Amino acid sequence: MERVSLDDCEPSEAADGVHLALMAGTDSMNVQHFEIEPGATVDEHSHPHEQTGFIAAGELTFLVDGEEIVCGPGDSYAISGDEPHAAENRGDETVRGVDIFSPPRENPSWQSE
């Protein structure tokens, strides 16, 4: 069993105001903690990984196929592999949550995908 504390993780800034920290993982999936500051955006991108997530704090607006989907505290979501998506924090509170990627994903630079 692997145990990883968020306190022991060194977050990276994948885009302006978007902070990621890789946490526990296996050969088939991994957990990534994220913080997205107010006004920060994740440009449209896609990846082969399936992505599920959970919002613990704040409100995140996803943009998928021309539709806006708002997720707030207590909401989970699932994004199929290769599905183009973007996200924006339009609120005044930092969004905090976790993503699970399968297969495992490294810290990405969304600005170059």
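One aromatic pair is counted in this structure, where rings of Phe, Tyr and Trp (its six-membered ring) pair if their centres lie within 6.5 Å, and planes under 30 degrees apart count as stacked, over 60 as edge-to-face and the rest as tilted. The pair is tilted, because the rings of phenylalanine 62 and tyrosine 77 have their planes at 50°, with centres 4.7 Å apart. It joins distant parts of the chain, since phenylalanine 62 belongs to strand S6 and tyrosine 77 to strand S8, 15 residues apart. Strands are DSSP runs (E, at least two residues), and helices are runs of H or I of at least four residues, numbered from the N terminus.

The model is predicted: local features need pLDDT of at least 70 and side-chain atom pairs count only at pLDDT 80 or more, while totals for chains, interfaces and linings use all residues. Residues are numbered from 1 along each chain as its sequence is written, and side-chain values use heavy atoms, with hydrogens and water left out.

**Buried residues**

Relative accessible area is calculated with a 1.4 Å probe on protein chains only; buried means under 20%, exposed over 50%, and partly exposed in between.

| Residue | Relative accessibility |
|---|---|
| Phenylalanine 62 | 6% |
| Tyrosine 77 | 11% |
| Asparagine 30 | 6% |
| Histidine 33 | 12% |

Strands pair if DSSP finds at least two bridges between them. Four strands form an open antiparallel sheet in the order S4-S9-S6-S7. Strand S4 (41-45) and S7 are at its edges with a single partner strand each, so one side of each is left without a neighbour in the sheet. From one strand to the next the twist averages 20°, taken between axes, which are lines fitted to C-alpha atoms (for helices over the stretch in contact), with angles from 0 to 180 degrees between N-to-C directions.

Within this sheet, S6 and strand S7 (residues 67-71) are antiparallel and share five bridges, and valine 64 has glutamate 67 of S7 as its bridge partner. The two strands form a hairpin with two residues between them, and aspartate 65 in the turn has a positive phi of about 55°. S6 is also joined to strand S9 (residues 85-88) by three bridges in the antiparallel sense; there leucine 63 is partnered by alanine 86. S4 and S9 are likewise antiparallel, with three bridges, and histidine 45 stands opposite histidine 85 in S9.

**The six-stranded sheet**

The order S1-S2-S3-S10-S5-S8 describes an open sheet of six strands with antiparallel pairing. S1 and S8 are the edge strands, each pairing on one side only. On average, neighbouring strands here are turned by 30° against each other, direction ignored. S3 and strand S10 (residues 95-102) run antiparallel and are joined by seven bridges, with glycine 97 as the bridge partner of phenylalanine 34.

**The nonpolar core**

A nonpolar core is a set of buried Ala, Val, Leu, Ile, Met, Phe, Trp, Tyr and Cys residues joined through side-chain atoms within 4.5 Å. The largest has 17 residues, of which Val18, Phe34, Ile36, Ile55, Leu60, Phe62 and Tyr77 touch the most other members. Strand S1 (12-15), strand S2 (18-25), S3, S6 and strand S8 (76-79) each supply at least two residues. The most come from S6, which gives three. Strand S6 (residues 60-64) is itself mostly covered, with four of its five residues buried.

**Individual surroundings**

Contact means heavy atoms within 4.5 Å. Setting aside residues up to four places away in sequence, phenylalanine 62 touches residues including Glu67, Ile69, Cys71, Tyr77 and Ala86.

What does the side chain of asparagine 30 meet at arginine 105? A polar atom of that side chain lies 2.7 Å from the backbone oxygen of arginine 105. Asparagine 30 lies in strand S3 (residues 30-36), and its contacts beyond four places in sequence include Leu22, Asp99, Phe101 and Pro104.

Histidine 33 is also found in strand S3. Beyond four places in sequence, its contacts include Leu6, His19, Met23, Gly97 and Val98. Histidine 33 and glutamate 13 are 20 residues apart in sequence and 12 Å apart in space, C-alpha to C-alpha.

Definitions and conventions:
Polar contact = N/O pair within 3.5 Å; in protein donor to acceptor, adjacent residues only side chain to side chain.
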